[in-house]
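Welcome! Here is a short briefing for anyone meeting this structure for the first time. Take a look at the sequence and the model, then read on.

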Amino acid sequence: DVTARLDLVFADAPFPAEGKSDVEGIFDPPYYEWFQFDKNFTEYRNFDECLNYIEELMIKEGPFDGLMGFSQGSILSGALPGLQEQGLALTRVPKIKYLIIIGGAKFQSPTVAEKAYANNIKCPSVHFLGDTDFLKTHGEKLIESYVDPFIIRHPKGHTVPRLDEKSLEIMLRFLDKIEKETALEHSSTDVDEKEMYL
């Protein structure tokens, strides 16, 4: 009901993962990460390189209308519209039109946060929040940065959840909204709608 309505491109992050992966034994290696961070999640390495990598990928594989991210990919996805609005990222690609944030959070670094969330983000978004997700509090703070976000709460932890009837209804309403908005924008072009999964 959901993924059939999206044309997804699954992007690998640019950097080999450092340390032991939490998905070891669930998914086969190799493992990648978008950028590296310290134990307090406040200092980042390779962040500018990550932004450049995403932009080059969007130029090569796009155009993309939206981003869908999980975990580190959702933290990054949730900041990109604000960084793009400030002219600090994705300056050579079309404006991000919508976001699907699964297990996301707000960047903790004041340097990144003051730029990414300088203004309320008007990009349509749906946020998945797990009741036992270790990032739940930070995910709720991210939601505060968005104008009229859709919110799907689920009883699980830091995972991509199965949608129950109520969650599916919210997700389908979100898809209806973005399809109507992108259809209006695409009505005069033949560009296919795509979304990149981070």
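One aromatic cluster brings together Phe 35, Phe 37, Tyr 44, Phe 47 and Phe 107. Please keep in mind that this is a predicted model, where local features need pLDDT of at least 70, side-chain atom pairs count only at pLDDT 80 or more, and totals for chains, interfaces and linings use all residues. Residues are numbered from 1 along each chain as its sequence is written, and side-chain values use heavy atoms, with hydrogens and water left out.

**Aromatic rings**

- Rings of Phe, Tyr and Trp (its six-membered ring) pair if their centres lie within 6.5 Å, and planes under 30 degrees apart count as stacked, over 60 as edge-to-face and the rest as tilted.
- By this rule the count comes to ten aromatic pairs.
- Phe 35 and Phe 37 make an edge-to-face pair, because their ring centres are 6.3 Å apart and their planes stand at 65°.
- Phe 35 is buried at 2% relative accessible area, while Phe 37 is partly exposed at 36% (buried means under 20% relative accessible area, exposed over 50%, partly exposed in between, with a 1.4 Å probe and protein chains only).
- Phe 47 and Phe 107 are also edge-to-face, with 5.3 Å from centre to centre and 80° between the planes.
- That pair links distant parts of the chain, 60 residues apart: Phe 47 belongs to helix 1 (residues 47-61), and Phe 107 to the loop between strand 7 (98-102) and helix 3 (110-116).
- Helices (H or I, at least four residues) and strands (E, at least two) are DSSP runs, numbered from the N terminus.
- Phe 47 is buried at 11% relative accessibility, and Phe 107 is buried at 3%.
- The charged end of Lys 106 sits over the ring of Tyr 117, 5.0 Å from its centre (the rule asks for NZ of Lys or CZ of Arg within 6 Å of the ring centre and within 35 degrees of the ring normal).

**How the helices pack**

- Helix 1 and helix 2 (72-85) pack at an angle of about 80°, with their axes 13 Å apart; axes are lines fitted to C-alpha atoms, for helices over the stretch in contact, and angles run from 0 to 180 degrees between N-to-C directions.
- The two helices, helix 1 and helix 2, are therefore roughly perpendicular (angles under 35 degrees count as roughly parallel, over 145 as roughly antiparallel, 65 to 115 as roughly perpendicular and the rest as oblique).
- Phe 47, Cys 50, Leu 51 and Ile 54 of helix 1 meet Leu 76, Leu 80 and Leu 83 of helix 2, where contact means heavy atoms within 4.5 Å.

**A loop contact**

- Thr 42 lies in the loop between strand 4 (36-37) and strand 5 (44-45) and is partly exposed at 30% relative accessibility.
- Leaving aside neighbours within four places in sequence, Thr 42 is in contact with Gln 108 and Ser 109.

**Backbone details to look for**

- Most residues other than glycine have a negative phi, and most peptide bonds are trans.
- The peptide bond from Pro 29 to Pro 30 is cis, with omega near 5°, and the one from Gly 62 to Pro 63 is cis with omega near 10°.
- Ser 71, in the loop between strand 6 and helix 2, has a positive phi of about 60° although it is not a glycine.
- Asp 148 has a positive phi near 50° and is exposed at 63% relative accessibility.
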